[in-house]
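This briefing walks through one protein model, topic by topic. Keep the sequence and the 3D view open while reading.

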Amino acid sequence: MDKQTEIELEAAAFRALRDHLRERTDVQNIDMMNLAGFCRNCLSRWYQEAANARDIDMDKAQAREIVYGMPFDEWRDKHQTEAPDEAKAKFADTHS
C-alpha cells in the first residue's frame, strides 16, 4: 500500500470513529476511560497536538468542537450525566 492511501484510510477510520462517538451520546466519557483508557477529550487533545505539531494554531475548544460536533459546553449540557459512584471509584483506581 502506498503512503497516501494509508493516510487516506487512517483519516477515514478517524472520521468513522468521530462520527460514531457523536451518535453515541449515551456513552459517557468516564465509561470510555474506564473501559478503553481514552475518551472524546483524549481524542480531541490528540487532534490538537497533531495540529500544533504542524504549526496549525488550534486550542482545546476548537479541537473539542471537531470531535464533539458542537461546542463542548453545549454537548455537556445536552448529553453529559452525573457519573455513578461506582464509575468514579473505578476511574480513581485506574487513573490515579
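This is a predicted model: local features need pLDDT of at least 70, side-chain atom pairs count only at pLDDT 80 or more; totals for chains, interfaces and linings use all residues.

Which helix supplies the largest share of the lining of the largest pocket? Helix 3 does, with five residues.

**Overall layout**

- The protein has six helices and zero strands, and along the sequence the pattern reads α-α-α-α-α-α.
- The C-alpha trace spans about 45 × 30 × 25 Å along its principal axes.
- Of the 96 residues in the protein, 26% are buried.
- Among contacts between residues at least 6 apart in sequence, 49% join residues at least 24 apart.

**The largest pocket**

- The largest pocket holds about 360 Å³ of space.
- Helix 1 (3–23) and helix 3 (40–53) each give at least two residues to the lining of this pocket.
- Residues in the lining include Phe14, Arg15, Arg18, Trp46, Tyr47 and Ile56.
- By class, the lining has eight nonpolar residues, three charged residues and no polar ones.

**Arg18, a lining residue**

- Arg18 is one of the residues that line the largest pocket, and its place in the chain is in helix 1.
- Arg18 counts as buried because its relative accessible area is 16%, and buried means under 20%.
- Leaving aside residues up to four places away in sequence, Arg18 touches Ile66 and Val67.
- Arg18 and Asp73 are 55 residues apart along the chain, and their C-alpha atoms are separated by 18 Å.

**Helix 4 and its ends**

- Helix 4 covers residues 60–68, and its buried residues are Ala63, Arg64, Val67 and Tyr68.
- Seen down the axis of helix 4, these buried residues fall within an arc of 125 degrees, so they line one face of the helix.
- At the N-terminal end, helix 4 is capped by Asp59, which has a side-chain oxygen 3.2 Å from the backbone nitrogen of Ala61.

- Asn29 lies in helix 2, which runs over residues 29–36.
- Is Asn29 buried or exposed? Asn29 counts as buried, because its relative accessibility is 11%.
- The side chain of Asn29 makes a polar contact, at 2.8 Å, with the side chain of Tyr68; Tyr68 is also one of the buried residues of helix 4.
- Apart from residues up to four places away in sequence, Asn29 touches Cys39, Arg40, Asn41 and Tyr68.

**Asp55, a residue in a loop**

- Asp55 sits in the loop between helix 3 and helix 4.
- Asp55 is exposed, because its relative accessible area is 75% and the cut-off for exposed is over 50%.
- Most residues other than glycine have a negative phi.
- Asp55 is not a glycine, yet it has a positive phi of about 60 degrees.

Notes:
Residues are numbered from 1 along each chain as its sequence is written. Side-chain values use heavy atoms; hydrogens and water are left out. Helices (H or I, at least four residues) and strands (E, at least two) are DSSP runs, numbered from the N terminus. Buried means under 20% relative accessible area, exposed over 50%, partly exposed in between (1.4 Å probe, protein chains only). A polar contact is a pair of N or O atoms within 3.5 Å; within protein, one must be able to donate a hydrogen and the other to accept it, and residues adjacent in sequence count only if both atoms are side-chain atoms. Contact means heavy atoms within 4.5 Å. On a 1 Å grid over the protein atoms alone, a cavity is a set of points where a 1.4 Å probe fits but cannot get out, and a pocket is an open set with protein on both sides within 12 Å along at least five of seven lines; lining residues have an atom within 4 Å of a point. Grid points are joined across faces, edges and corners, and a volume is the space filled by probe spheres set on the points. Ala, Val, Leu, Ile, Met, Phe, Trp, Tyr, Cys and Pro count as nonpolar, Asp, Glu, Lys and Arg as charged, and the others, Gly among them, as polar. The arc is that of the directions from the helix axis to the C-beta atoms.
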